[in-house]
Amino acid sequence: MSACLKCGLPAAMRMEYTMQDLCGGCFTAQFERRVAKTNRDFSLLRRGDIVAVGVSGGKDSAAMLYCLDKMAKRIGGITLKPILIDEGIEGYRNVAALKAQELCSQLGYTLQTFSYKELFSASMDEVMARRDELAQEGKEGFTPRISCTYCGVFRKQALNKAALGVGANKLAVGHNADDTAQTFMMNLMRSEPARNGPMGSAGGEEEPQEGFARRVKPLVYNLEIECALFCKLKNLPFHLGGCPYAGESFRGYVKDFLNGAEKNYPGTKFNLLHSFLEIQKGLNGGKSQKSAIAASREIPMAQCTRCGEKHSGRSTGGLCKACEFLTELQFA
Amino acid sequence: MKIRVSNGLGKTEDEGLELGTTVQDVIDSRNLNGQTLLISVNGKIAHPSTELKEGDELELLGVIYGG
């Protein structure tokens, strides 16, 4: 039986990338210390914040809410408001939502739910059915996209709307080290290195533009498997089912690739995370993320002519990306 | 010796193993990636070096979905 490197008790897991054997207690303490370090490194939460916490019923957001709850109580003067985005994927999100509800009750929070159907007038199931119909009809000018392209755009906008809707100035999302490594790799594989620039690290924009809550990612120093392990050891309810549309995603391919690399070359994911943070500085011309964002603001935000949402102005016809998709899919 | 192996999602099978077999041996024999598995023996999180015993219930739950 292996012993915990820190306290000598029987070890419950092995962290291959540091070659450390840890017991459950030392592992969960280390997990929480990493969340605290993320908070310090990226100045995530401070007194007076109202933080919308995106929970999905999955392991990452469960671990995040638990850690933020402890952190908020320790710091004081921070209000957490759990929010759930219901994409409308029957048999998946409705099942996971029950776990999210259970988690919030366990931790003493009220969960507020926002659905694609209410926000965009179409659920993801309807979006996918319509996409397939239009593709089958061979409608001229219609480009079918993979599910995650639609869902990613809707989700990002929905989370921001929900965060503002509950009066939050910050939005915490459960992106972990795996997610960051995957996004970094995907940007490189798509030849879009500039996307690794000013946005996307754990801290988000320190002073986001009007109409946006600052996105923070408290879990970037923890791996996906560690989030699951943390939930299991803390007896937090979570759902492990897969999205039925995930098979279409490029991210899924990159995820499998990185899991294979991590098995053969432990530490790969954290190496990618550190590379991402270093390259991000380089892409920002040595400037901090804050000044790089300020420079990027020389390009003014546009306002969607349909829904009024602020957007980058890169979409067509004055529409935000969500409205562009809804129009293509004939929901608007 | 015989143990019971499950994937945590309802699929369970009995497996005959030699004495001294560890959790890691089972993971390797099934060509699984231990970096994506929540491992528990008899309901408790277990280290891969854990030696299995007659009647143990080993759960190898793949953590590949869900945020």
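Here is a short walk through one chain, from the whole fold to a single residue pair.

A housekeeping note: this is a predicted model, where local features need pLDDT of at least 70, side-chain atom pairs count only at pLDDT 80 or more, and totals for chains, interfaces and linings use all residues. Residues are numbered from 1 along each chain as its sequence is written, while chains are lettered from A and ligands numbered from 1 in the order in which they are written.

**Select chain B.** Its C-alpha trace spans about 40 × 20 × 20 Å along the principal axes. Buried residues (20 or more other C-beta atoms within 10 Å of their own, with C-beta atoms placed from the backbone) make up 27% of the 67 residues.

**Color by secondary structure.** Helices here are DSSP runs of H or I with at least four residues, and strands are runs of E with at least two, numbered from the N terminus.

**Turn to the sheet.** The 5 strands of chain B form an open sheet with mixed pairing, in the order β2-β1-β5-β3-β4. At its edges sit β2 (12-16) and β4 (44-45) of chain B, each pairing on one side only. Two strands pair if DSSP finds at least two bridges between them.

**Zoom in on residues 37-41 and 57-62 of chain B.** These are β3 and β5, which run antiparallel and are joined by 5 bridges. Which residue of β5(B) stands opposite Val41(B)? Select Leu58(B): that is the one facing Val41(B) across the pair.

Conventions
A residue is buried if 20 or more other C-beta atoms lie within 10 Å of its own, exposed if 12 or fewer, and partly exposed in between; C-beta atoms are placed from the backbone.
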